[in-house]
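The points below may be read alongside the sequence and the model.

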Amino acid sequence: NNNTNTWIKDINYQTIHEKFLKALSIKYNLDDSLIYISYEHISPIFASEIIYEIVSLYNEQHKYKEIAESNDAIEFLTNKLSATEDPYVRDYIATLIQNHYQQNMFSNIRPAISFIEMPFVPDNKSSFGILFYSILGFLIGLVFGSIYTLFIKIN
């Protein structure tokens, strides 16, 4: 209510979450190994921002997870390297450590998910307008009204 600056309806986070998930579509195509993300909202600008934020948050979480795993592996392998006397095993462990440093570097540089086509605001509406729904409602009402009138005339 704008006059009193109060909410008319209580906010239920479960309901908000369900509405968010109904508008969100994430599909993985096995043929081309692409992830298709779409979000349907009245504001195409808001929908575009939601998609961008989802991808950004996923990339950030994936980056931190990969860095933590590679740091744990480096720490473990460094401890094993100092405890090993065999030169061949030491070379192999040093190679593994180098690989994990590379993985750590790539986690900082390369995102897990990148856009082939950035989220955009479409020029034309992709859903039907109010005129279409008005005509459809009129036609359905006309059909049901005709059927009702026929049943009354028969009885």
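1. The model is a predicted one. A search of the whole structure gives three aromatic pairs. In one of them, the ring centres of F20 and Y39 are 5.4 Å apart and the planes stand at 40°, so this pair is classed as tilted. F20 belongs to helix α1 (residues 13-23) and Y39 to strand β2 (residues 34-39), so the pair ties together parts that are 19 residues apart in sequence.

2. F20 is partly exposed, with a relative accessibility of 27%. Y39, at 13%, is buried, because the limit for that class is a relative accessible area under 20%.

3. Y39 also takes part in an aromatic pair with F46, and this pair is edge-to-face. The centres of the Y39 and F46 rings are 6.3 Å apart, with 65° between the planes. F46 has a relative accessibility of 35% and counts as partly exposed. Through such ring pairs, F20, Y39 and F46 are linked into a cluster.

4. Strand β2, which holds Y39, pairs with strand β1 (residues 24-29) in the antiparallel sense, over six bridges. Within this pairing, K27 stands opposite Y36 in β2. The two strands form a hairpin with four residues between them. In the turn, S33 has a positive phi of about 55°.

5. Which residues make up the largest nonpolar core? There are six: A23, L24, Y39, A47, I50 and I51. Helix α2 (residues 44-83) gives the most to this core, contributing three residues. In soluble globular proteins, nonpolar side chains tend to be buried together.

6. A second, separate core has five residues, among them I74, L81, I93 and I97.

7. Is N104 buried or exposed? N104 is buried, with a relative accessible area of 11%, and it lies in helix α3 (residues 87-109). Leaving aside residues up to four places away in sequence, N104 touches I67, S70 and N71. With N71 there is a side-chain polar contact of 2.8 Å.

8. How many salt bridges are counted? The count comes to one salt bridge. K65 forms a salt bridge with E69, and their closest N and O atoms are 3.9 Å apart; the pair qualifies because the cut-off is 4 Å. K65 and E69 are four residues apart in helix α2, which means that about one helical turn separates them. K65 counts as partly exposed, at 48% relative accessibility, and E69 likewise counts as partly exposed, at 41%.

Definitions and conventions. Residues numbered from 1 in each chain as written. Predicted model: local features only at pLDDT ≥ 70, side-chain atom pairs only at ≥ 80, totals over all residues. Heavy atoms only, no water. Core = buried A, V, L, I, M, F, W, Y, C linked by side-chain atoms within 4.5 Å. Buried < 20%, exposed > 50% of the residue type's maximum accessible area, 1.4 Å probe, protein only. Polar contact = N/O pair within 3.5 Å; in protein donor to acceptor, adjacent residues only side chain to side chain. Contact = heavy atoms within 4.5 Å. Salt bridge = Lys/Arg side-chain N within 4 Å of Asp/Glu carboxyl O. Phe/Tyr/Trp six-rings, centres within 6.5 Å; stacked < 30°, edge-to-face > 60°. Pairing = 2+ DSSP bridges.
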